[in-house]
Amino acid sequence: MVKKIVIDTDPGVDDSLAIFVALNSPELEVLGLTTIFGNAVTTTCTENALRLLEIAERIDVPVIEGANVPLNGDFRGAASFVHGDNGQGNAALSSPVTKPLDVDAVTFLKEIIETNPNEITLVPVGPLTNIANLLTIHEGIDSKIKEIVLMGGNAQSPGNATPTAEANILNDPEAADIVFSAQCEITMVGLDVTNNVFMNEEQVVTLGSFDNDKSKHIGKINPFYFDFLKDFFQDNGMPVHDSSAITYLVHPEYFETLSYPIKVETKGISRGKTWMGMGISDNEEGLGERLKPWENRRKVNICIGVDSQKVISFITERISS
Ligand code: BDR
Ligand code: CA
C-alpha cells in the first residue's frame with residue numbers, strides 16, 4: 001500500500017537528496033513539504049523546497065512555511081559551514097517562481113491529518129518545532145497520526161553538533177521532547193545508523209552523474225557539503241542522514257531496531273541528547289524513581305543497525321531516473 005507522507009524539512013543538501021528520493025518512490029505519496037529553520041533560516045529553506053519541486057517537475061506538491069525559531073525563541077544559527085550560505089552548497093541557483101501556500105504549517109498538518117485519519121506518516125528531517133507545535137496546539141491529534149519517522153537523535157553513539165547531541169534535536173530539544181512523548185508510533189532514524197550509511201567518494205560522485213535534472217542538481221550542491229564532511233570524518237566519504245529516513249519508509253527490513261521510550265535532555269552539556277529508558281519492561285508497575293522521566297511514554301523504534309550498502313544502492317537507484 002502506498003504510504004501518504006508529509007516531509008518536514010530544512011533543505012539543506014542532504015534534505016534535497018531525501019526529497020528527490022521520496023518523490024521518485026512509487027511506494028510513497030508526498031502530500032506536502034513543510035519547512036523549518038536549521039541548515040538555513042526558514043525563508044531560505046522554503047525557497048529551496050520550492051526550487052527542488054520545480055527541478056523535479058512536481059509543483060503539484062505544496063510547500064508550507066513553518067516556524068522561524070525554536071520553542072525557546074533562540075535559534076542557534078544556520079549551519080552555513082556545512083550546507084553553504086544558501087543551504088544549497090553555495091551553488092549559483094535561480095530563484096523559484098512558485099510560492100508557498102498561504103497557510104501556516106501547523107494548520108496544514110492538522111487539516112491533512114484530519115482529512116486522512118490514521119493514514120499520514122510525518123517525516124521530520126529537521127528540528128522538531130513544527131511537529132511539537134502541532135501536538136500542543138491540537139491536543140489529541142497524535143491519535144490520528146499513523147506514524148512519525150524522524151531523522152534525528154543519537155541513542156548509543158556520540159552527537160555531531162556537540163559531543164552529546166545530534167543537530168536536529170539540539171536545534172530544539174524542548175520540541176523534540178514533546179514529540180517523543182506523542183502517543184503514536186515513532187521511529188528514530190538517528191546517527192546510530194545514518195553515520196554508518198557512509199558513502200565513499202565514488203558513490204557520492206555517482207549520485208550527481210545521472211542524466212536527469214534532479215541528479216544534476218545534487219551534483220551541483222554536494223561538493224561543498226562533501227568537502228566539509230570528509231574533513232569532519234577525516235575519511236574520504238560522507239554519511240547519509242535524511243535519505244536514510246526515506247529509505248526506512250520503503251525498506252524497514254534494512255534496519256535493526258531497539259524498543260525503548262526516549263527522553264530528551266534539555267539542560268547542561270547533554271542538552272539535546274536522546275536518552276533511552278533502558279530497563280522499562282512491558283509491566284511498568286513498581287518502576288521506582290530511577291525510570292520516572294520515561295514514564296507514560298510509548299516505546300520508540302530506535303534504529304541501531306543498518307545494511308548500509310542496501311540503503312546506498314536504493315538511494316542511488318532512486319536518483320538515477
Ligand atoms: C541532520 O542535521 C542536518 O544538518 C541534516 O540535514 C540532517 O537532517 C544530521 O544531523
Ligand atoms: Ca535536514
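I count a contact as heavy atoms within 4.5 Å.

The model is predicted; local features need pLDDT of at least 70 and side-chain atom pairs pLDDT 80 or more, while totals for chains, interfaces and linings use all residues. Residues are numbered from 1 along each chain as its sequence is written, and side-chain values use heavy atoms, without hydrogens and water.

**Thr 121.** I looked up its place: strand E4 (a DSSP run of E, at least two residues; helices are runs of H or I, at least four, all numbered from the N terminus). Thr 121 has 0% relative accessibility, so it counts as buried (under 20% relative accessible area, 1.4 Å probe, protein chains only). Beyond neighbours within four places in sequence, I find Thr 121 in contact with Lys 3, Lys 4, Ile 5, Val 6, Lys 146, Glu 147, Val 149 and Leu 249.

**Helix H4.** Next I took residues 105-115 and listed the buried ones: Ala 105, Val 106, Phe 108, Leu 109, Ile 112 and Ile 113. Down the axis of H4 they fall within an arc of 160°, so they line one face (arc of directions from the helix axis to the C-beta atoms). I see them pack against strands E1, E2, E3, E4 and E5 and helix H5. At the start of H4, a side-chain oxygen of Asp 104 lies within 3.2 Å of the backbone nitrogen of Val 106.

**H1 and H12.** I checked the axes of H1 (13-23) and H12 (308-319): they come within 8 Å and cross at roughly 75°. That makes H1 roughly perpendicular to H12 (65 to 115 degrees). Leu 17, Phe 20 and Val 21 of H1 meet Phe 314, Ile 315, Arg 318 and Ile 319 of H12.

Methods:
Chains lettered and ligands numbered in written order. Buried < 20%, exposed > 50% of the residue type's maximum accessible area, 1.4 Å probe, protein only. Polar contact = N/O pair within 3.5 Å; in protein donor to acceptor, adjacent residues only side chain to side chain. Axes fitted to C-alpha atoms, helices over the stretch in contact; angles between N-to-C directions. Parallel < 35°, antiparallel > 145°, perpendicular 65-115°, else oblique.
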